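Biologist: Before the labels on this model are used, I would like to hear what stands behind them. Please take them one at a time.

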Amino acid sequence: MNTDNTTLWRQLQQAKLVTGAHAPEQTAAATPWYMRAMLAFMGWIGALLILAVLFTGLSGMLESNTGRLGIAIILGLIALLLFRGRENQDFRMQFALALSLAAQILVFWSLSSMLLPQQPVVAALVVMMLALVLLAGIPNSIHRLWSAGIASLALLYLIGQFGMAPVAGAILGGAACWLWQKEFVLVRWGSILRPLAWAITLTALVQLSGEGLHSLLQLLFSRQSSMQPELLVLRGAITLGIIILVTHTMLKEAGIKTFRLSGLAAMAVLFLLAFFIPGIGFSLLLALVAFSRGNHLLAGMAVASLLLFLSKYYYLLDISLLHKSLLLAVSGLLLLALRLLIMHLSASGAAK
Amino acid sequence: MNARHKILEWAEEGRIASGQLAAALKTCKLLPDQHGWLQFLDRLLLGLGTLLLVSGIIFFFAANWDGIGRFTRFALVEAAFLVCLLLLWRLGSTSLAGQAALAGAVLLTGVLLALVGQTYQTGADNWELFFAWSLLVFPWVALGKNSILWLIWLGLINLCTITYARAHQGLFWEDDLLWLLFSINTLALVLWQKLADLEHIPANAHWPIRLLATASGACITLLALQAVVDSASTASIMAWLIWLGTIYYVYRRQRVDLYILTGGVLSIVVTTSVFFTQHLLTRNSVFSLVLLTMLVLGLSAAGGWWLRKILEEMHRQ
């Protein structure tokens with residue numbers, strides 16, 4: 001929906017939500033996601049070319065960790081100075097982005113040779129802290145998305161290092177849903193938190209696409225599970241907690257009491273889907289959160305990921321095709337039954 | 001500018017109290033009301049529920065294939081097919097549930113054809129399956145007037161082309177397949193755009209056009225890249241340039257679609273970068289690499305600057 005400043009401001013003024021006779025001056029238009037994706041991709045190519053230049057011209061210095069870190073610091077400082085310009089000075093921003101990415105690659109390379117494989121947790125923590133500092137400090141939207149992505153991947157790695165890889169999808173999925181629900185409350189830090197929410201969402205989706213069906217169903221049907229029982233319980237508890245928290249908030253905002261039949265039915269179906277078919281369950285929950293926030297891009301992405309998870313589900317080897325077919329058919333029937341219940345309750349509510 | 005983004009920006013600047021942000025979005029009808037929620041839940045639960053149920057049925061067939069007799073297999077698929085047709089007849093093709101039933105019938109046609117091919121070992125190639133499938137469902141797709149069904153149908157045509165080319169590799173040059181796919185998707189794009197103009201379809205419903213432009217652009221860019229890398233025929237380069245010119249004229253002069261223009265810019269930057277890489281990197285020096293880096297960054301910055309100029313123009317309108 002494209003509406004001019006004045007019309008929007010007038011609507012808000014009439015509802016006494018803003019003060020001031022005139023709308024603020026028009027700031028630069030928001031850059032659409034596809035433009036940012038293109039600029040980020042070209043920045044990445046530029047970073048690889050800069051590294052190629054360094055390898056060709058300074059190969060001696062790059063052989064030691066000190067040399068690599070020294071060059072990384074110089075590149076990083078130059079990038080920081082260049083980032084201070086306005087975001088729409090394109091060549092400057094592109095160059096700064098390429099320099100910063102190249103610097104970060106050199107830093108990651110040095111950290112991995114210094115700390116891996118003996119201290120993987122320390123390495124991941126350092127990478128995560130660095131990424132968060134860059135997320136907060138560099139005022140460029142594409143760079144923020146990159147830093148948020150690095151921080152999310154480091155977090156995922158850390159979760160795995162603590163032996164909790166099978167519940168990583170639930171943790172990250174829950175964090176993503178929570179951040180999106182808090183978008184309005186934490187709006188003052190929106191330019192930092194929004195890229196973080198996007199990065200955690202994408203990381204969760206990637207993680208869930210790789211997670212098998214380590215679950216009670218696997219235990220029941222195949223008499224064995226590759227997941228320890230404690231992790232199974234933990235995953236169930238985290239999933240249930242997220243579903244209750246997220247659904248309760250949405251229902252409260254919609255003016256519906258949580259513990260009415262429709263609310264309880266919705267929570268039960270969401271939990272079953274999220275626990276037994278994590279990718280599909282999480283995508284459905286994300287679609288609901290996105291819709292509640294009026295975020296059509298996120299809702300579209302959630303629906304697309306639903307379809308991708310469904311096609312990938314065929315190839316999961318944890319349980320047989322027959323059991324998967326039963327799970328899908330039952331899930332489908334439950335969703336159709338939930339739809340009928342909601343429509344019936346709303347029709348009878350309207351009749352009263 | 002997107003209204004939601006604008007209001008969030010004002011809230012971030014402190015012009016709207018964070019506690020009032022939800023109220024501000026509701027005032028501007030950017031958050032769903034109860035009717036909006038009901039409509040969304042109706043569509044989402046119906047679509048996803050149908051999809052999971054149909055998928056479950058398909059998985060069931062796959063799991064029990066060896067154990068099910070020939071006639072039982074046909075009976076099951078045809079029964080599902082008849083249920084879809086019955087629902088379509090009862091609900092009508094204009095309702096959402098009717099459209100879902102029609103989509104189910106379209107997909108089950110393919111399942112039925114695959115079953116025939118597998119059961120009777122007709123020796124048919126894959127491309128014949130996709131061809132027959134697209135031919136049989138064409139009347140339904142035409143009558144259904146649903147963008148998703150049309151895209152599924154175009155997907156079948158593309159698959160038919162790819163499998164035909166693979167089956168007849170001796171008849172095709174390396175880039176013939178790309179030319180075919182480019183022709184199909186560009187023709188579909190032209191027809192769809194014409195229809196959208198005639199029926200005055202709003203710009204925010206143009207996502208199928210963007211999808212087709214992406215497919216068309218990907219094919220012609222790959223052809224151009226092949227020509228650059230192999231220093232082969234200039235026909236691909238000419239076609240690429242004509243495609244770019246047409247995209248510029250239609251989506252910059254006649255109307256503005258920033259997504260398609262971004263795709264065009266990306267195509268130019270990638271192809272030109274590969275061209276310079278071919279001609280500069282042979283010198284194998286630091287200077288060549290520096291020059292190449294600046295060229296790539298400069299091109300992408302120039303492309304970004306131009307797109308941003310167009311964005312600002314749209315923002316001012």
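Modeller: B:D42 and A:R339 form a salt bridge, their closest N and O atoms lying 2.5 Å apart. The pair crosses between chains, B:D42 being in helix α3 of chain B and A:R339 in helix α14 (residues 321–351) of chain A. This is a predicted model, in which local features need pLDDT of at least 70, side-chain atom pairs count only at pLDDT 80 or more, and totals for chains, interfaces and linings use all residues. Residues are numbered from 1 along each chain as its sequence is written, chains are lettered from A and ligands numbered from 1 in the order in which they are written, and side-chain values use heavy atoms, with hydrogens and water left out.

Biologist: What makes the contact of B:D42 with A:R339 a salt bridge?

Modeller: The term needs a side-chain nitrogen of Lys or Arg within 4 Å of a carboxyl oxygen of Asp or Glu. The closest N and O atoms of B:D42 and A:R339 are 2.5 Å apart, so the pair qualifies.

Biologist: Is A:R339 buried or exposed, and why?

Modeller: Buried means under 20% relative accessible area, exposed over 50%, and partly exposed in between (1.4 Å probe, protein chains only). A:R339 has 18% relative accessibility, so it counts as buried.

Biologist: Why are B:R15 and B:E13 called partly exposed?

Modeller: B:R15 is at 39% relative accessibility and B:E13 at 41%. Both values fall between the two cut-offs, so both residues are partly exposed. Their side chains meet in a salt bridge, at 2.7 Å from N to O.

Biologist: Which parts of chain B does the salt bridge of B:R255 with B:D197 link?

Modeller: The closest N and O atoms of B:R255 and B:D197 are 2.4 Å apart. The pair links distant parts of the chain, 58 residues apart: B:R255 is in the loop between α10 and α11 (258–280) of chain B, and B:D197 is in helix α8 (residues 176–198) of chain B. B:D197 has a relative accessible area of 32%, so it is partly exposed.

Biologist: What makes the nonpolar surface patch?

Modeller: A:F91, B:V286, B:V290 and B:M294 make a patch of about 280 Å², with accessible areas from the Shrake-Rupley method (1.4 Å probe; for residues, only the protein chains shown count as cover). Patch residues have over 30% relative accessible area and no salt bridge; like charges are joined within 9 Å, and nonpolar side chains (Val, Leu, Ile, Met, Phe, Trp, Tyr) within 5 Å. A:F91, in helix α4 (residues 90–115) of chain A, is at 34% relative accessibility and therefore counts as partly exposed. Helix α12 (residues 286–316) of chain B gives the most to the patch, with three residues.

**Helix span and phi**

Biologist: How do you know that the span of helix α11 (residues 261–276) of chain A agrees with its length?

Modeller: Helices (H or I, at least four residues) and strands (E, at least two) are DSSP runs, numbered from the N terminus. The expected span is 1.5 Å times one less than the number of residues. For the 16 residues of α11 this gives 22 Å, and the end C-alpha atoms are 22 Å apart, which agrees. Buried residues of α11(A) include A:L270, A:L273 and A:F276.

Biologist: Why is A:K16 called exposed?

Modeller: A:K16 counts as exposed because its relative accessibility is 74%. A:K16 lies in the loop between α1 (5–14) and α2 (33–57) of chain A, and its phi is near 60 degrees, a positive value in a residue other than glycine. Most residues other than glycine have a negative phi.

**Confidence**

Biologist: What is the mean pLDDT of chain B?

Modeller: The mean is 87, and 95% of the residues of chain B reach 70 or more; pLDDT is the predictor's confidence in each residue, from 0 to 100. Chain A averages 83, and its confidence is lowest in helix α9 (residues 216–222) of chain A, at a mean of 50. For the complex, the predictor gives an ipTM of 0.79 and a pTM of 0.77.
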